[in-house]
4 protein chains.
Amino acid sequence: MSKLESVVKEIAEEMRARPDRGEVATYIPELAGVDAGQFGIAVVDAAGNVAAGGDCDTSFLIQSISKVFTLTLALGKVGDRLWKRVGREPSGSPFNSIVQLENERGIPRNPFINAGAIAVTDVILSGHQPREALGEILQFVRFLADDPSIVIDEAVAASEQRTGFRNRALANYMKAFGVLENPVDYTLGVYFHHCAIAMTCRQLAMAGRFLALSGMNPATGHRIVHAERARRINALMLTCGHYDGSGEFAYLVGLPGKSGVGGGILVVAPGKASIVVWSPGLDVSGNSHLGRIALETLTKRMGWSVFGA
Amino acid sequence: MSKLESVVKEIAEEMRARPDRGEVATYIPELAGVDAGQFGIAVVDAAGNVAAGGDCDTSFLIQSISKVFTLTLALGKVGDRLWKRVGREPSGSPFNSIVQLENERGIPRNPFINAGAIAVTDVILSGHQPREALGEILQFVRFLADDPSIVIDEAVAASEQRTGFRNRALANYMKAFGVLENPVDYTLGVYFHHCAIAMTCRQLAMAGRFLALSGMNPATGHRIVHAERARRINALMLTCGHYDGSGEFAYLVGLPGKSGVGGGILVVAPGKASIVVWSPGLDVSGNSHLGRIALETLTKRMGWSVFGA
Amino acid sequence: MSKLESVVKEIAEEMRARPDRGEVATYIPELAGVDAGQFGIAVVDAAGNVAAGGDCDTSFLIQSISKVFTLTLALGKVGDRLWKRVGREPSGSPFNSIVQLENERGIPRNPFINAGAIAVTDVILSGHQPREALGEILQFVRFLADDPSIVIDEAVAASEQRTGFRNRALANYMKAFGVLENPVDYTLGVYFHHCAIAMTCRQLAMAGRFLALSGMNPATGHRIVHAERARRINALMLTCGHYDGSGEFAYLVGLPGKSGVGGGILVVAPGKASIVVWSPGLDVSGNSHLGRIALETLTKRMGWSVFGA
Amino acid sequence: MSKLESVVKEIAEEMRARPDRGEVATYIPELAGVDAGQFGIAVVDAAGNVAAGGDCDTSFLIQSISKVFTLTLALGKVGDRLWKRVGREPSGSPFNSIVQLENERGIPRNPFINAGAIAVTDVILSGHQPREALGEILQFVRFLADDPSIVIDEAVAASEQRTGFRNRALANYMKAFGVLENPVDYTLGVYFHHCAIAMTCRQLAMAGRFLALSGMNPATGHRIVHAERARRINALMLTCGHYDGSGEFAYLVGLPGKSGVGGGILVVAPGKASIVVWSPGLDVSGNSHLGRIALETLTKRMGWSVFGA
């Protein structure tokens, strides 16, 4: 058993034993009903070895983690012109704050807060029908994970559509400033659907490999993005990937990552590994409670922090 | 000539040839009078080799770069209790914003915005006279740089004292919330003085080695801080080291760094090097214009980004 | 000719002669096309005498002035329970700011900013179909003006529906906090339509009489509201009736009033008169430029300021 | 006994009987020690008749009510040039908020929030020594009240100086924007002292007469200010006199007024009376709890609302 395998095994056991679980998100019934007792982990290293444990093969909603994939797609589509529509700075405020938009003429601070991800979705949508854009996003995720079985949870997308008033406010607000090009309902439709993609830790870790490996997918030999773009997406994940808890995550874990309200976190150890943890209970900042602890432990034991040995 | 030496030489020449220089800070006469045509660079690698070029031996005001050293000192003094007085998140607003303090009960967002650095200075001051606290800071910087000749520019400190109304507002505001323990004038006196430390690129790069080398000073064999603390200070520099331009710096340069209004930038390539660039002309975010370009070039040519090869 | 008649005549002539007109609102074509050269005035005194001049019989869009009538209706429907859904304080920010909503949990500051008026419309709508609610509002305005010919400009309502992204953002934002009870599209539909009521200065001055006369309509002998409610609506008009220019209006004119982006202003001189001026060119705060000047002149010549002789 | 006398007598008795008193301010010992059981009222009508009751001859700290007198003095000194240094709009935020200053380049929203009153004091100070400026203010208040025995409570002024960090922050912040001309310590010294003037209800009601009587002091026949200026000061008191509770006060009481943290409220019934109530217990907005209730009762019984009969 490799060091990585034994560390992953230890962590899966330690997490299973912990009584503290955080609070499961309750704003839609599909999330509220998830069992908080679950914990999964999957790590794919540079050589393609997979170490996984716990509920690593249970599907969960990737939610905001999808924003990493839509950002990659939008950059592929319009390149640096994307940065006219969205910024690259940490927001200094909660994930769904509208204050910043008012102060900065409707330009969201970064592609990982909700407003920014909606603007990115709008870029992918332009020139397409919603169904086509959504198909493109799903195909891209399946391609990255090398797994055509990945699907969208339509019931969740429908729930988000019905209750997502704050996102609807953000989108209309950006529309008022001309930041969105497409009809608000179209853009939001695609956004709510790509947030409802369901994946396992193992699938998601496979999908994240290209960010750890300078833009390459080593299994297939495909270049997904140039090395510089992979570095830059990682930089954005580090400074902005955890809403108003990004500084804390960098301080404690020391790796670029993106969390989702479903309890998943995708983390990149550049040159070393693609990592996914999942546990549905969240901390006060809305990030997976056990997930964050597991990542802190993993980074320390493997010596993977980007900030030094 | 090593690769590093030739890259540093190239950069020094390229920067000297550029016509664009940015704007020198003018809020005090001592900064306004500095020649914008200067550019210096110094890099100390893990083995202790120094590559330097341009005006690398000209003293400049380190200004906010001193906040890295005061943070290190304060953590040494009170450890994690420091985080009751200051946060660890990017601010999402300019370096001297007071809005965030009002919304968050006087607790500054991080130790690198002005309010946060003033709170850190207050921690160092507690239990001492201002003169003693300042002596301790200066001794620490001299010790890190292994150079007892480093001094404070008293005329600059006096200018800052006379005109620093916004910092005085920040300090009184924190005092109103009980975040500062000492008399406001004492804390500000120490703060204005440590910002007025003058150093060369070469001296500053030597002083920053411990952050690149897991907390060790290899020249002397002294451990300055534990490895984990060095990593964490680096994490804070990456997420918060450039005020509201921190995301951009991470995106373009890909290394932890701290800039000062005097035109210096201290950057850490973990495990690889301590880097200082200096050029007095600033960009719109208040960071050295040529300095940022030089660092972007250096990181790319050396392949030093923490975000991947 | 009474003093009032000659003052109104003078003002109509003075305004016609002025070269400065302000800027006509351009956010919908129906407003952008209005001739900026127009000026109308109508004053109904306590005895029912009408003094009118200029384009006093030309219809214009009353826009936000309708908020006075919807507030009156909503108070009639739910009384002081209305104040659980909307505040009574000046906003200290522009008419369509969303920042305040985020800081105050979706409760708009007062019934005259857009968010507040949308919340008031939602109260009127509850228990009804949009068509019924709109019918009730229109009937109420016709009853107050004693003129069944008043209609809604459907083309304008349609334009507002198509372009009103900021109001849609405000409404969704309040909905996210549970401040709105009805479907956002229903509430906004009614809101956009009642803002598109078209009236002449003369009709509008008739409709405002009850506020000047302790809640009575002297023509018909009907009591519209209790005297205390009339006083309180007047108080709200004075402190909040002109968005972030309310302090200035009170300072210069000294009477409660409500302006609309169509260039109309309804003003109440308690115990003395109901006054309407209209001129489509707006000042930087979005209030009728000539209208404000005409009111300043009228108040001064008639000695009608509530703040003293 | 006149109607006014019997109404005042009733109110004094009703207030004495109420068990609810609000909370006495505790931020300085001199306020914290005041007996919350006290209530005083004094009304001077247009003819000079005085109706008073309760603790109407007990001195209390006028605190922010002094801002009415300093505004009058500053307008006398520089006229409308004052409005380059301070605005005329309600603040929409608490009395000591600093956020607004950051957003509006250091210009306070109105002369009655702390920042605005400090800017007004700075105008009075210009060209004088602090002692002279303070003397001028005290002389003016004595002249208005026709009572040379009025003094400043030096112990209170000293307490405020020692603990007024938030006001010191506001002043330094304005100084950073160039809004204050004099040394911050000088301006604050005068400000803290004029807030520490001690007066009785009777003295204060006498001092406020000129605002009720078109700028005249009928006792002496002196014109204090032009009628228009008196109206305008009243307008500012109505829209801005109670910090973020100004809308509520206008809604409930319907008269211009200015409250102080010592529990006093000066109210103007234009053309009719100058009114002062005092009771040290404050409501959540920092205004005298019994004072506000007493004023609501008085206005209703006397029919004095400016908003209609």
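**Chain contacts and symmetry in a predicted model**

**View 1. Chains B and C, and chains A and D.** Chain B and chain C do not touch, their nearest C-alpha atoms being 10 Å apart. Chain A and chain D likewise do not touch, and their nearest C-alpha atoms are also 10 Å apart. Two residues count as being in contact if their C-beta atoms, placed from the backbone, lie within 7 Å. The model is predicted: local features need pLDDT of at least 70 and side-chain atom pairs count only at pLDDT 80 or more, while totals for chains, interfaces and linings use all residues. Residues are numbered from 1 along each chain as its sequence is written, and chains are lettered from A and ligands numbered from 1 in the order in which they are written.

**View 2. The side of chain B that touches chain D.** Here 12 residues of chain B are in contact with 12 residues of chain D. On this side of chain B, α4 (99-103) and α8 (165-176) each supply at least two residues; helices are DSSP runs (H or I, at least four residues), numbered from the N terminus. The most is given by α8(B), with 8 residues. By class, this side of chain B has 6 nonpolar, 2 polar and 4 charged residues (nonpolar: Ala, Val, Leu, Ile, Met, Phe, Trp, Tyr, Cys and Pro; charged: Asp, Glu, Lys and Arg; polar: the others, Gly among them).

**View 3. The rotation axis relating chains B and D.** Chain B is superposed on chain D by a rotation of 180 degrees with 0.0 Å of shift along its axis (RMSD 0.0 Å), which is the relation of a two-fold axis. The same surface serves both copies, since 100% of the contact residues of chain B recur in chain D. Superposition is by least squares on the C-alpha atoms of residues with pLDDT of at least 70 in both copies. Of the residues of chain B, B:Ala169 comes closest to the rotation axis, at 1.9 Å (C-alpha).
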